[in-house]
Amino acid sequence: MSNYKIETKCVQSGYTPGNGEPRQIPIYQSTTFKYDTSEDMGKLFDLEASGYFYTRLQNPTSDYVAAKICDMEGGTAAMLLSSGQAANFYATFNICETGGHFIASSAIYGGTYNLFAVTMKKMGIDVTFVDPDCTEEELHAAFRENTKLVFGETVANPALKVLDIEKFARVAHAHGVPLIIDNTFPTPVNCRPIEWGADIVTHSTTKYMDGHGAAVGGVIVDSGKFDWLAHKEKYPGLCTPDDSYHGITYAEKFGLEGGYITKATAQLMRDFGSTPAPQNAYLLNLGLESLHVRMKRHCENGLAVAKFLESNDKIAWVNYADLESSKYYETAKKYMPNGTCGVVSFGVKGGRKAAETFMKNLKLIAIETHVADARSCCLHPANSTHRQMSEEELIAAGVPSDLVRLSCGLESSEDLIADIAQALSFIE
Ligand SMILES: *Cc1c(COP(=O)(O)O)cnc(C)c1O
């Protein structure tokens with residue numbers, strides 16, 4: 001890990017060209033790599049030498065970008081994946097197989113919730129969901145003998161609840177399991193979970209990291225701090241020989257700093273192949289170069305819009321952790337002193353119908369399911385992503401029918417507020 005500040009890491013980490021080499025990272029648009037002897041290639045297959053042989057496993061362009069994000073998060077090893085969904089699947093499945101159990105915060109992205117509660121359940125993996133605001137005792141009580149990890153989101157999408165990372169890390173470590181944090185919304189510019197005790201960090205790079213709505217992607221970063229070998233019986237995949245790789249024991253051969261990511265690459269990427277296109281890794285890197293500049297603006301716009309909404313008499317409630325009125329204000333200031341993100345949610349007085357009128361009259365802010373890119377967008381879940389649910393189900397899911405989610409982009413906050421104000425004026 002370099003000692004540079006996060007701004008410098010965003011721009012420079014991961015790739016250092018030699019004399020006369022390209023200044024910008026080259027796109028290695030090649031599925032395969034050439035060798036002089038089959039002996040040379042054999043060493044790569046046996047993980048005896050490092051190098052590239054097939055882009056499904058690794059590609060230099062993707063590795064430059066993974067190395068940059070690794071440095072930004074303060075980790076020891078990282079890998080890019082084709083989506084955030086793939087990142088959260090690999091991150092958990094790499095250490096929790098059939099017959100295993102893990103604990104997840106209930107305030108997580110809907111796609112991740114479905115992956116854990118439905119698809120991984122079909123694979124014979126059990127998940128217990130806990131309220132992120134639970135007490136340490138409640139969290140302790142969720143553990144079982146076969147619990148392999150704890151999972152949460154720094155700032156939950158879309159509930160915007162802020163996780164007390166230190167509390168979750170303390171309890172996970174007391175049970176000898178790692179804490180995995182999805183850090184998509186704050187990005188390492190605003191929060192670095194490893195500094196607070198998280199062991200593994202994931203992202204949907206599709207959101208702020210790319211930041212322009214251009215490429216779907218994901219990343220996993222390992223802190224290198226979790227001692228797998230001290231809990232050998234729980235993690236046989238890392239601590240006993242892998243017959244599909246000539247009896248390599250990942251945690252021994254690649255150490256704490258590399259074992260987890262090497263296993264995820266050598267086994268899961270080899271077999272599932274959720275590999276990003278080199279072109280997408282290149283686009284992601286362009287986004288990362290300006291991430292620290294953009295996050296600042298996203299947060300400024302988010303706070304300006306949230307304050308305007310809070311003072312408007314057509315608005316029933318506002319949820320944004322950087323508002324002093326938020327119940328997450330203190331937690332947010334501790335973990336993210338420079339702001340959380342640009343996503344704000346709020347309720348319009350008059351419920352579903354008023355929310356519909358508001359949305360219909362927006363001119364600048366577009367209706368999209370996406371969040372966290374340069375262009376402001378907004379969504380009324382009760383009328384779109386959650387439209388099959390009854391009023392009661394919507395309330396239970398934490399998305400009441402008046403809820404509007406607004407992702408503040410990089411435009412002028414004055415223009416955003418003016419658009420919101422004119423759309424609100426149509427509500428009677
Ligand atoms: C979007 C999102 C994901 C899923 O990522 P994709 O890139 O869409 O697959 C996972 N976690 C969070 C917090 C997200 O916002």
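**Notebook: the ligand site and the cavity**

I began with the ligand and found one of its oxygen atoms 2.9 Å from a polar backbone atom of Gln 85. I took a polar contact to be a pair of N or O atoms within 3.5 Å. The model is predicted, with local features needing pLDDT of at least 70 and side-chain atom pairs pLDDT 80 or more, while totals for chains, interfaces and linings use all residues. Residues are numbered from 1 along each chain as its sequence is written, and side-chain values use heavy atoms, without hydrogens and water.

I then looked up two side chains. A polar atom of the Asn 157 side chain is 2.9 Å from a ligand oxygen. For Asp 182, a polar side-chain atom is 2.7 Å from a ligand nitrogen. The ligand alone exposes 380 Å², of which the protein buries 92% (Shrake-Rupley method, 1.4 Å probe).

I noted 15 residues around the ligand, each with a heavy atom within 4 Å of it. By class, this shell has 2 nonpolar, 10 polar and 3 charged residues. Nonpolar means Ala, Val, Leu, Ile, Met, Phe, Trp, Tyr, Cys and Pro; charged means Asp, Glu, Lys and Arg; the others, Gly among them, are polar. Helix H4 (residues 84-93) gives the most to the shell, with 3 residues. Helices are DSSP runs of H or I with at least four residues, strands are E runs with at least two, and both are numbered from the N terminus.

Lastly, I turned to the lining of the largest cavity, which has 7 nonpolar, 4 polar and 1 charged residues. A cavity is a set of points on a 1 Å grid over the protein atoms alone where a 1.4 Å probe fits but cannot get out, and lining residues have an atom within 4 Å of a point. H12 supplies the largest share of this lining, 3 residues.

Definitions and conventions
A polar contact is a pair of N or O atoms within 3.5 Å; within protein, one must be able to donate a hydrogen and the other to accept it, and residues adjacent in sequence count only if both atoms are side-chain atoms.
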